Amino acid sequence: MGDDDDDLDELLDEIEKKFCRNVSVASAARADSNEAGNYGKDSDGQRKYSATKPEKPISSVTEDIDALLEELLEEDYSDSPQPKHEQFTKGPQVEKKLSSQSGGRKCCPVFVGGSSVTNGVGTATSKRSCDQLRCTSCDFRVLMFDDCEWDSSCDYLFLRNNMPDRQKLRAKLKKRRGLRAYACQCSWFSTLEPTDLQDRPQLRWVCGKHQD
C-alpha cells in the first residue's frame, strides 16, 4: 500500500512538472513573439521600433489617402485637353471661315469692256466686264478708270513708278466717254466693247474670283 502511494505521488509529480514546463514554454514563446513584433535590435544591439508597428491610426491614414486622390484628380483635370463640346462648337466656325475664303465664282471666259458694260461674273452668254482682275506677271490687281483711255505716251516705266497710285496714274489718262482704261504694273489697255482676254494674249490678266 505504501509502495502504491509512492508510485502515485511520483506520477503526479511528473505530470505536474511536464504540464508546468509546457505552460512556461508557451508563455515564453508568446512573450518573445510579442517582443519581436514590437522591437528589434540594430547592429549596435540597441532596441528600436519595428516597422510593423503602425505610426498613425487607421482613420488618419484613410484621410491622407483621400486627400492624395483628390490632389491627383485636380492635376489630371487641369492637364486634360479641352472638352469635346468646346471642340464641336469651334469646328463649325473654322469650317465657315474656310468656306468663305475658298468661296466665290470666276469668270469664264474673262471679259473687259467699256464703262457702259456691266461689271460682274462673265460667261459665254453674259458678257459682263470682270472687275476682279489680277495680273499673273506682276501680281498686281488691275485698276479700272471709267470714261478714260490711256494716252499714247503711256509706257511700262510710267506704270512701274506710279502703280498703284490712282492720282498719279491719271497724268497719262484722257477723257473719253464710254471707254474704260485698265492697267497693272506691267500692262495697260483701253476698250469700248466687251473684249475676251483670250483674244489678247499679251495681257496676263485672270479673274481673282467674285464673292457671292
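**Strands, rings and a buried arginine in a predicted model**

User: How many bridges pair strand 5 and strand 6?
Analyst: This is a predicted model. Strand 6 covers residues 173–183, and its pairing with strand 5 is antiparallel. The number of bridges between them is seven.

User: What is the strand order of the open sheet that holds them?
Analyst: The sheet has three strands, with antiparallel pairing. Strand 5 (143–150) and strand 7 (188–191) are the edge strands, each pairing on one side only. Neighbouring strands are turned by 40 degrees against each other on average, direction ignored. The order is 5-6-7.

User: Which residue in strand 6 stands opposite Met144?
Analyst: Strand 5 runs over 143–150. It pairs with strand 6 in the antiparallel sense. Opposite Met144 stands Tyr182.

User: How many aromatic pairs are there?
Analyst: Ring centres must lie within 6.5 Å to count as a pair. By that rule the count is two.

User: Is the pair of Phe145 and Trp150 stacked or edge-to-face?
Analyst: The ring centres are 5.8 Å apart, and the planes make 80 degrees. Planes over 60 degrees apart count as edge-to-face. The pair is therefore edge-to-face.

User: Are Phe145 and Trp150 buried or exposed?
Analyst: The limit for buried is under 20% relative accessible area. Phe145 has 1%, so Phe145 falls under it. Trp150 has 7%, so Trp150 does too. Both count as buried.

User: What is the geometry of the pair formed by Tyr182 and Trp205?
Analyst: The centres lie 6.3 Å apart, with 40 degrees between the planes. Stacked needs under 30 degrees and edge-to-face over 60.

User: How many residues apart are Tyr182 and Trp205?
Analyst: Tyr182 is in strand 6, while Trp205 is in strand 9 (residues 205–207). Both residues are buried. Their pair links distant parts of the chain, and the separation is 23 residues.

User: Which residue lies over the face of Phe145?
Analyst: Phe145 also pairs with Trp150. A charge counts as over a ring within 6 Å of the centre and within 35 degrees of the normal. At 4.4 Å from the ring centre, the residue over Phe145 is Arg166.

User: Which ring has the charged end of Lys172 over it?
Analyst: The distance from that charged end to the ring centre is 5.7 Å. The ring belongs to Phe158.

User: Is Arg180 buried or exposed?
Analyst: Arg180 sits in strand 6. Its relative accessible area is 1%, and the limit for buried is under 20%. Arg180 is therefore buried.

User: Which side chain joins that of Arg180 in a polar contact of 3.2 Å?
Analyst: A polar atom of the Arg180 side chain also lies 3.4 Å from the backbone oxygen of Gly113. The contact of 3.2 Å is between side chains. The partner is Ser129.

User: Leaving aside neighbours within four places in sequence, which residues does Pro164 contact?
Analyst: Pro164 lies in the loop between helix 4 (156–162) and helix 5 (166–169). Phe140 is 24 residues away in sequence, yet 8.4 Å away in space, C-alpha to C-alpha. With those neighbours left aside, the contacts are Phe140 and Leu143.

User: What share of the protein chain is buried?
Analyst: The chain has five helices and nine strands. It has 212 residues, and the buried share is 23%.

Terms used. Residues numbered from 1 in each chain as written. Predicted model: local features only at pLDDT ≥ 70, side-chain atom pairs only at ≥ 80, totals over all residues. Heavy atoms only, no water. Pairing = 2+ DSSP bridges. Helix = DSSP H or I, 4+ residues; strand = E, 2+ residues; numbered from the N terminus. Axes fitted to C-alpha atoms, helices over the stretch in contact; angles between N-to-C directions. Phe/Tyr/Trp six-rings, centres within 6.5 Å; stacked < 30°, edge-to-face > 60°. Buried < 20%, exposed > 50% of the residue type's maximum accessible area, 1.4 Å probe, protein only. Polar contact = N/O pair within 3.5 Å; in protein donor to acceptor, adjacent residues only side chain to side chain. Contact = heavy atoms within 4.5 Å.
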